[in-house]
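Please open the model in your viewer and keep the selection panel at hand. The tour below goes from one selection to the next and says what is found at each stop.

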Amino acid sequence: MNFELTEERQMLQDTLRRYLADKYTTKVRNGIIDSETGFSAEIWAELAELGVIGALFTEEQGGFGGAGFDLSVVFEELGRAGVVEPFLDTGVLCGRLIAALGNADQQAMIEEIIGGGVQLAFAHTEPTARYDLSRVETGLQGPGETRLTGRKAVVINAEAADHLIVSARESGAVDDTDGISLFLVAKDAPGLSLRGYPLLAGGRAAEVTLEDTPATRLGAAGAAFPAIEAAVAAANVALAAEAFGAMNTATDLTRDYLMTRQQFGRPIGTFQALQHRMADLLIELEQARSAVINAAGHLESDPRTRDLEIAAARNLIGRVGRLVAEESIQMHGGIAMTREYELAHIAKRIVMTDHRFGDTDYHLERFIDLSTAA
Amino acid sequence: MDLNYTEEERAFRDEVRAFLEEKLPKATADKVRRGQELTKEDMESWHAILNERGWLAPNWPAEWGGCEWDAVQKHIFEEEAARASAPRVIPFGLSMLAPVLMKFGTEEQKRHFLPRILSGEDWWCQGYSEPGAGSDLASLKTRAVREGDHYIVNGQKTWTTLGQYADWIFCLVRTDPDVKQQEGISFLLIDMNSPGIEVRPIILLDGVHEVNEVFFDNVRVPVENLVGEENKGWTYAKYLLTHERTNIAGVGASQAGLDTVKRMARAEMQGGRPLIANPHFAARLAQAEIDLKALATTNLRVVSQTAKGGAPGLEASMLKVKGTIIRQEINDLARRAAGPYAMPFPSEAVEGDNDPIGPDYAGKTASQYFNNRKLSIFGGSNEIQRGIIAKVSLGGMK
């Protein structure tokens with residue numbers, strides 16, 4: 001066993017941390033959140049230049065990473081700085097689906113993704129699906145057709161996306177894992193309409209309606225589910241790492257505050273009631289770090305092992321994340337709830353992770369199912 | 001002991017229900033149910049409706065227009081009002097300043113201000129916290145210096161809830177900097193239209209403008225606006241805080257929140273069944289409900305013991321800590337129940353004339369979860385409350 005980062009990953013981590021600490025200040029980020037697009041094209045381009053997106057792909061695919069530990073290094077740093085740009089959507093979810101299922105022409109898009117020149121969104125979840133990955137009702141005009149009709153919910157980055165990757169059901173019941181296909185839909189495709197809106201924790205999403213919308217196949221008919229599960233597994237590693245990064249920032253801010261805020265004539269960090277709670281956060285943070293390592297280290301394992309470790313990590317990160325967010329706010333007091341203070345955004349990033357690809361309870365059940373399955 | 005309502009109490013409950021059914025504006029109740037922001041007019045209108053019925057001031061004596069309800073009546077009214085999605089009554093004048101004026105104010109102050117609080121003519125806000133004086137309130141620095149018939153006030157208050165609407169602010173100010181902190185504080189009533197006052201909004205993490213900073217730059221306050229004696233303000237402030245805590249358990253709000261979570265969990269489907277049938281979610285929900293049942297009884301026991309007004313210090317502290325923990329847990333359940341539709345920014349999800357994004361119960365859940373973190377922070381944080389409980393229990397242990 002070896003718990004050291006490779007030299008390349010260590011370099012990437014250092015570079016990213018320096019760049020974001022310098023550039024991605026609270027003020028800059030709040031400006032980005034308030035902007036019409038909800039993300040900064042300049043930051044996107046510069047981070048692509050620094051190799052953030054390339055690190056999400058294997059050498060074979062044209063990148064220089066692509067493993068679970070590459071994802072965890074990148075997203076931990078993005079999480080520390082509370083980055084709202086859609087690296088998860090374009091880089092992890094859509095990038096992986098294209099790499100796994102695309103034909104030669106479609107694979108060519110990966111070079112553009114790595115270079116930062118294209119935006120993508122994964123339009124999969126439907127309005128009544130919650131976190132059920134196989135619940136897809138969006139349909140085709142008829143057998144062999146590729147015109148789509150249906151609705152997709154809370155599609156992050158949909159407005160900025162040059163293409164949407166849309167799931168549709170080709171056969172079977174609404175929640176069968178077999179019978180789901182993926183399609184590429186161009187942003188100006190007829191019959192595609194978006195209702196865009198900002199998200200509570202930054203970034204933008206849209207409700208997507210498809211009506212007889214022409215699409216191009218991505219992969220074989222009816223067989224997309226394993227690739228969707230694999231892409232979502234990678235996204236879950238990234239989300240866990242991102243939340244963990246944000247949790248580090250929350251505890252750092254809280255420690256600084258406890259050491260400097262004076263009440264009753266002394267720093268509040270001298271009160272034992274708060275010292276013990278700070279200690280608990282630090283203990284739980286180490287648990288969270290280990291959970292992320294477990295998940296990232298099993299991203300390349302067989303699907304059952306992979307999904308078991310990921311469910312464990314998302315459950316633990318969800319529980320610890322809530323604790324860290326709530327305790328950090330409580331130990332700060334009202335200041336932590338104001339928009340101008342960094343912790344407000346960081347706490348939202350941590351807690352709202354719980355609403356993507358399953359909350360703490362969902363992952364608990366998934367862990368039980370996977371660990372009790374023969 | 002008898003846990004059942006008497007015949008009179010049941011009749012009172014029916015009367016409250018009929019009143020809410022008839023008088024609570026439907027549009028306002030809909031906003032409350034969805035968690036939408038209320039306008040100043042919405043709040044003033046509900047205040048006026050309650051005043052007209054004589055039900056605005058449960059804790060006031062009859063001579064000033066109060067209804068003098070007993071503990072059970074107050075509980076019934078609170079529970080029914082929350083269930084009907086009535087807005088909360090703005091407490092600053094009614095439940096915070098008024099008891100102080102009744103006990104420590106001059107006849108003139110009572111005759112002038114109390115009727116205007118009932119009529120809604122004066123909107124009050126609270127000037128307690130300062131940037132450097134939060135949990136350690138007695139370290140406040142806003143200075144008032146006597147000059148002839150006036151005090152000249154300089155300094156800054158913060159977390160002033162709904163100060164943007166206020167006509168008046170009741171303020172703790174330092175009138176003697178040379179004595180023990182608690183002994184140099186006075187309680188002043190200040191006209192918000194006075195020259196030298198500036199109100200600046202604080203935007204919270206859900207984008208809402210609910211609290212403010214209030215700056216005082218050589219503000220002249222007539223000496224007749226001093227409440228009680230100079231340098232005795234800390235006593236009045238503590239008296240006020242026991243009244244601020246009258247309804248601190250928040251049983252009605254928690255009950256209404258729990259009903260909403262159940263409604264959501266029946267509508268949300270996951271894994272082919274309603275969320276309410278999911279054993280993990282159901283267990284969390286049941287635990288919150290079990291805790292709330294006990295809290296409702298604790299609250300009634302405590303409030304019944306005190307003839308009128310606020311609960312005694314120790315029990316009030318207990319009710320506050322447990323009440324806020326339960327309410328925050330219910331907010332967390334609502335956020336979870338909303339699923340992915342908790343993610344949109346609330347102002348886009350449920351405000352305005354557009355259709356809500358996703359189910360109409362979902363859009364405010366996450367922002368309410370965050371906003372209600374304040375419950376364990378304001379009015380004496382839960383750490384301060386635990387300190388009080390420990391001090392009473394462990395006495396003078398060193």
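**Where the two chains meet**

Begin by colouring chain A and chain B separately: between them they bury about 4,400 Å², 56% of it on carbon and sulfur atoms, where buried area is the accessible area (1.4 Å probe) that two parts lose on being put together, summed over both. Next select Arg130(A), Leu200(A) and Met337(A), which supply 18% of the area that chain A buries against chain B, more than any other three residues. This is a predicted model, in which local features need pLDDT of at least 70 and side-chain atom pairs count only at pLDDT 80 or more, while totals for chains, interfaces and linings use all residues. Residues are numbered from 1 along each chain as its sequence is written, chains are lettered from A and ligands numbered from 1 in the order in which they are written, and side-chain values use heavy atoms, with hydrogens and water left out.

Then show the side chains of Glu365(A) and Arg273(B), which meet in a salt bridge at 3.6 Å, N to O (a side-chain nitrogen of Lys or Arg within 4 Å of a carboxyl oxygen of Asp or Glu). Across the interface of chain A and chain B, the rule finds nine salt bridges.

**A lysine in chain B**

Move on to Lys364(B), in the loop between helix 11 (346–349) and helix 12 (365–371) of chain B, these helices being DSSP runs (H or I, at least four residues) numbered from the N terminus. Lys364(B) counts as buried because its relative accessibility is 9%, the limit being under 20% relative accessible area (1.4 Å probe, protein chains only).

Methods
Helices (H or I, at least four residues) and strands (E, at least two) are DSSP runs, numbered from the N terminus. Buried means under 20% relative accessible area, exposed over 50%, partly exposed in between (1.4 Å probe, protein chains only).
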